[in-house]
Amino acid sequence: MKYTLSFRIWHWLNAFVVLGLLSTVFLRKTFLSWRTNSEILLNKLADFDITITTEQAKILAKSIRAGMWEWHIILGYALATLVLYRIYLYFKDTSHKENFSSLSLHKKGVHSLYYLLYATLFFMSISGLAIHFHESLSLTKELTHTIKEIHEAVFNIILIFVPLHIVGVVIAENKDEKGLISTMVNGKR
Ligand code: HEM
Ligand code: HEM
């Protein structure tokens, strides 16, 4: 057994949640962007001879987006829970831990990327929760804004990691690590 059942379940739940979070960001920045949609609302309503102010159009567009964005927060709680569970597994489940110094240079690179990703997921959870609970935490407006800017900048690491990881495991599967992906499904080497 290379990966325990708990570790495999963790991996696939985490993959699902992270892809979900990326989807909510994608929607917020494209089809449900308040900038684009407030203009559509403004122009289409004008066709019907209804005039609204840009401020009203912005309120409408943001309320259309709100239901979708709730999923960013729901999946955000799920991610924070998964990060905690991964820390617990790190201490409890040593099944697949390999000695870092005995790895090939390539594997050292791959494992370093995983460490970077874990640190990133940890940061995204803490910063995301801080923005969401800024009032209860009595954070100032400026500080909340700064945290949000860093949260948004660090998001790029995830955006790069995910396709790189998927392409990477597919290439490895087809070259010299046959069964790599099914190992993450059935746990066997
Ligand atoms: C959906 C397509 C995906 C496939 C087929 C896939 C497959 C795999 C495989 C085969 C491994 C083991 C690779 C190795 O031994 O180096 C792995 C590890 C890993 N995957 Fe994925 N993955 C996918 C998506 C994701 C996503 C979206 C994330 C989230 C960010 C993710 C996070 C990780 C992490 C953190 C590890 C390292 C686990 C560890 O050893 O601590 N994966 N994945
Ligand atoms: C993989 C993890 C995550 C990614 C990639 C991600 C990405 C992003 C991005 C790109 C934004 C900026 C959106 C914009 O203004 O256009 C954002 C905002 C935000 N995120 Fe995350 N996030 C993640 C995890 C979390 C978590 C765990 C939470 C915690 C609940 C969270 C809560 C928030 C909040 C509250 C905002 C501000 C929304 C607003 O200003 O209305 N995020 N996130």
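## H72 and its contacts

Leaving aside neighbours within four places in sequence, H72 is in contact (heavy atoms within 4.5 Å) with L21, T24, V25 and H151. H72 lies in helix α3. Helices here are DSSP runs (H or I, at least four residues), numbered from the N terminus. Is H72 buried or exposed? H72 is buried, with a relative accessible area of 14%. Buried means under 20% relative accessible area, exposed means over 50%, and partly exposed lies in between, with a 1.4 Å probe and protein chains only.

## About the model

This is a predicted model, where local features need pLDDT of at least 70, side-chain atom pairs count only at pLDDT 80 or more, and totals for chains, interfaces and linings use all residues. Residues are numbered from 1 along each chain as its sequence is written, chains are lettered from A and ligands numbered from 1 in the order in which they are written, and side-chain values use heavy atoms, with hydrogens and water left out.

## Helix α2

Helix α2 covers residues 34–47, which is 14 residues. From its first C-alpha to its last, α2 reaches 20 Å. That is close to the 20 Å expected at 1.5 Å a residue. The expected span is 1.5 Å times one less than the number of residues.

Which residues of α2 are buried? They are N37, S38 and L45. Seen down the axis of α2, these buried residues fall within an arc of 105 degrees, so they line one face of the helix. The arc is taken from the directions from the helix axis to the C-beta atoms. An α-helix has 3.6 residues a turn, so residues three or four places apart point the same way. The buried residues of α2 pack against α3 (54–92). The face turned away from the buried side carries the exposed residues R35, E39 and D47.

D49 follows α2 and is found in the loop between α2 and α3. Its phi is near 65 degrees, a positive value in a residue other than glycine. D49 is exposed, with a relative accessible area of 73%.

S138 is found in the loop between α4 and α5. Phi of S138 is near 45 degrees, again positive in a residue other than glycine. S138 is exposed, with a relative accessible area of 64%.

## Helix α5

α5 has 34 residues. It reaches 50 Å from its first C-alpha to its last, close to the 50 Å expected at 1.5 Å a residue. Its buried residues include T144, I147, H151, F155 and F161. What covers the buried residues of α5 includes α1, α3, α4 and α6.

## Around ligand 1

How many residues surround ligand 1? There are 21, and the closest are H11, R86, Y114, Y118 and H165. A residue belongs here if one of its heavy atoms lies within 4 Å of the ligand. α1 (5–29), α4 (105–132), α5 (141–174) and α6 (180–186) each supply at least two residues of this shell. The largest share, seven residues, comes from α1.

The shell divides into 16 nonpolar, four polar and one charged residue. Ala, Val, Leu, Ile, Met, Phe, Trp, Tyr, Cys and Pro count as nonpolar, Asp, Glu, Lys and Arg as charged, and the others, Gly among them, as polar.

Some side chains meet the ligand through polar atoms. A polar side-chain atom of H165 lies 2.7 Å from a nitrogen atom of ligand 1. For R86, a polar side-chain atom lies 3.0 Å from an oxygen atom of ligand 1. An N or O atom in the side chain of Y3 is 3.1 Å from an oxygen atom of the ligand.

Technical notes. Polar contact = N/O pair within 3.5 Å; in protein donor to acceptor, adjacent residues only side chain to side chain.
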